[in-house]
Every structure is written in C-alpha cells, then in structure tokens.
Amino acid sequence: MSTEDQELPVFTTAADMRAWVRKQKKSGRKVALVPTMGYLHEGHLSLVKAAKEKADVVVASIYVNPTQFAAHEDFDVYPRNPAEDRDKLAAAGCHAVFEPDSLYVSVPGADGESSNVVGRESGHPGSHETFVTVERLQRPLCGGSRPHFFRGVCTVVTKLFHICEPDVAVFGRKDYQQWRVICRMVRDLDFPVEVVGMPICREPDGLAMSSRNARLSPESRERALCISRGLAWAEKAVAEGAVSEPADVAAQLRGRIEEAGGTVDYVELLHAHHLSPISDLTSQPVLLAVAAHFPARDRGTTHAANGHGSKNSQSV
Ligand SMILES: Nc1ncnc2c1ncn2[C@@H]1O[C@H](COP(=O)(O)OP(=O)(O)OP(=O)(O)O)[C@@H](O)[C@H]1O
Ligand SMILES: CC(C)(CO)[C@@H](O)C(=O)[O-]
Ligand code: BAL
C-alpha cells in the first residue's frame, strides 16, 4: 500500500518502495536512506538534514526491527508514534517514508504464535532463517549484553539497502559500534552504498537524545546526566594528564555512573576503528564508549521488572 498522493509518500511494501526509488534514480536523482525505529527526535532529523546535503532525495524508514530484540528486551514497549513521525519528516523536507508492517516471513507455529523477536520465533520451518553477521566487530560493547543485536541490525539494514537501493545511508555516532559494524558490512559485502556517520545530538543539558529517553522517570532523566558529564570529565582529565591509564579512566567513570544510581552495561576505551583493546591512550584514535541503564517510568513492565530501565549509550 502507498499513499503517494499525499505530500509525503508513505510506502508500506518493499515493491512500492523500490519502484519509487527506481523512478527517482531513472530521473538521475541520487538517493539517501536514513534508517530509524521511529519516535523521532532532533537527532534523527539531523540525519535527514545531512542526507539532504548528500543526495537529491531522502527516504526515511520507520521500523522497530524484531530481530535485534531478545524476548526479555523492550520490543513490546519501545516508544512508537508513526503519525507524529511522518509530520516531523515532512517538516524536515524528507521525500518519502518506508514504513513496512513486517520485513520478515513468519509462519505461525502449532500454538498460532508467530514472531521474529529472538527467542519468540514460532520455529516453523517456513519462517525467515537468513542472517548477516559481522563476526568480530559485533562482539564487544553492545554485543556483550545483546549477543543477538548486530545480527538483527545487519540483517535488517541489508534488507533496507536491497529495498531502498540508496546511494548514501546516514547513521548516528550515538550508536557508534552500529555505525562501525555497518561500515564493515558494506565494505566486506560490496554494497554500493556510501555510509555516513553523524555526530551525537544532545539536549541543552548534555543528555544524548534517544527515543528511549521518553521511558526514563524524571529522576532517572536527571541522574542519567552523569554519562555526558562523565565523558566531558574524562576528555578533560586525559587532555590535562590527570589520568593516563585507560583502565583508570574507565574505573573512575564507572564509579560516577554507579554513584548516580545507573547500572553500567559497559564503560570501555577501545581503538576507535577496530574496537580492539588499547594499552595506552597514545594509540590513537581512541573511543570511550558508555552504556548504562536507569529505572524506567513504567516500572510495571517486564523491562523495568527485570531491573533494567531505559538505556542511554554514547561515545566520544
Ligand atoms: N542523539 C542522536 N544524535 C545523532 N544520531 C542519533 C541520535 N539518536 C539516534 N541517532 C541515530 O538515529 C538512527 C536511528 O536510531 P533509533 O531510531 O534507534 O533512535 P535512538 O534514539 O537511537 O533510539 P534508542 O533510544 O533505541 O537508542 C541511528 O543511526 C542512531 O544512531
Ligand atoms: C539501524 C536501525 C534502524 C536498524 O533497525 C536501528 O538499529 C537504529 O535505529 O539504530
Ligand atoms: N539505536 C539503538 C537500537 C536498539 O537499541 O535496538
């Protein structure tokens, strides 16, 4: 289905989306894709703006991709507001939206259930079973606590690339490892796509913008500022020579986050391109990556009951 007669065309099938893109390309237009999971904020819109500078037409996709979520994670409660998202994309000058219902074949099992969330699959032999993995880069950082995550991301981004056939794809460096993993996948699998990584957009008080911030309780929202403040502290401390060992930087930053009530997923200093361990801070370029959970406002959900809250991850 498509609503191409509207000002901002919204496509819900791969065939309609691909036909529209091919028409643009036949007219000599360069196409950029901004993949998102919706519930858009200024960070997403900064990617649309960058995409407009790199191409003639910009497609944004809105899809909460089940294969990057495990059964115990927040797929069901991930914030969604497609109507508002479309308005924001139209205002930002986006040219088309890809909003599929599902991108995977999922055949119901004997109990009638069908899902592509990892661990909830029906197990039916007719269901989706092809995945893309970037073997080494997907392992550290987010791959530690979410071992299924990048397999899902790479698979859905591959599908989006095949459907939207972009010349350029724009990602945010808030999800730094994701950007590096996709760059590696594009290189290794010869996708004819230029991958662009854009800087982190922050709230005026420093918190990295993130769709999941909407799930933070007001107190957690305040406490989560320890991440951006901690990153700023680390940058200054290293520049001034007050701390010189990677392990000391990580330990002190971890302490600050835990003191503020956060549950640290990781605080790590790694080689910024290969995401491999570094033994000293002169091995440039260095990535300082942080992810931490803070209690969510909807404490009744499985997510909060598991002791996790909304996650804010960011890197410098
Ligand atoms: N603050 C931000 N600055 C720049 N890019 C961002 C920012 N937040 C998200 N992005 C980018 O937008 C794209 C879509 O991300 P997504 O829809 O998952 O939003 P998100 O805010 O990262 O959500 P989540 O809360 O799940 O982490 C990704 O490339 C992501 O890196
Ligand atoms: C790249 C992406 C859209 C794939 O689902 C998602 O991981 C995200 O929004 O960062
Ligand atoms: N941008 C992050 C996507 C996720 O956590 O699933």
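1. Domain bounds here come from an automatic or database domain assignment. For the protein chain that gives domain 1 (10-198) and domain 2 (211-315), and the C-alpha centres of domain 1 and domain 2 sit 25 Å apart. Keep in mind that this is a predicted model, in which local features need pLDDT of at least 70 and side-chain atom pairs count only at pLDDT 80 or more, while totals for chains, interfaces and linings use all residues. On bookkeeping, residues are numbered from 1 along each chain as its sequence is written, with chains lettered from A and ligands numbered from 1 in the order in which they are written.

2. Confidence next. pLDDT is the predictor's confidence in each residue, from 0 to 100; the protein chain averages 92, and 92% of the residues score at least 70. Helices (H or I, at least four residues) and strands (E, at least two) are DSSP runs, numbered from the N terminus. In the protein chain, β2 has the highest confidence, at 99, and helix α10 (residues 302-305) the lowest, at a mean of 26. The model scores are ipTM 0.98 and pTM 0.94.

3. The stretch I'd treat with care is residues 300-309, where pLDDT stays under 50. The model still has 19 contacts beyond four places in sequence for residues 300-309, a contact being two residues whose C-beta atoms, placed from the backbone, lie within 7 Å. Where pLDDT is low, the predicted coordinates should not be read in detail.

4. How do the two domains meet? 18 residues of domain 1 are in contact with 18 residues of domain 2. On the domain 1 side, α4 (142-145) and α6 (176-188) are the elements giving two or more residues. That side of domain 1 divides into nine nonpolar, five polar and four charged residues. The classes: Ala, Val, Leu, Ile, Met, Phe, Trp, Tyr, Cys and Pro are nonpolar, Asp, Glu, Lys and Arg charged, and the others, Gly among them, polar.

5. Now ligand 1. It has 18 residues around it, and Gly 43, Gly 172, Met 209, Ser 210 and Arg 212 come nearest (near means a C-beta atom, placed from the backbone, within 6 Å of the molecule). α2 (42-54) and β5 (168-172) each supply at least two residues of the shell, with α2 giving the largest share, four residues. By class, the shell around ligand 1 has eight nonpolar, seven polar and three charged residues.

6. Ligand 2 is surrounded by residues including Pro 35, Thr 36, Met 37, Asn 65 and Asp 175. β2 (31-36) and α5 (149-164) each supply at least two residues of this shell, and the largest share, three residues, comes from α5.

7. A nonpolar core is a set of buried Ala, Val, Leu, Ile, Met, Phe, Trp, Tyr and Cys residues joined through C-beta atoms within 7 Å. Buried takes 20 or more other C-beta atoms within 10 Å of a residue's own, exposed 12 or fewer, and partly exposed is in between, all with C-beta atoms placed from the backbone. The largest such core has 73 residues, and Val 48 and Val 58 have the most contacts inside it. α5 gives the most to this core, ten residues. Both domain 1 (10-198) and domain 2 (211-315) give residues to this core, so it lies between them.

8. One more residue: Cys 226 is in helix α8 (residues 225-239). Cys 226 counts as buried because it has 22 C-beta neighbours inside 10 Å.
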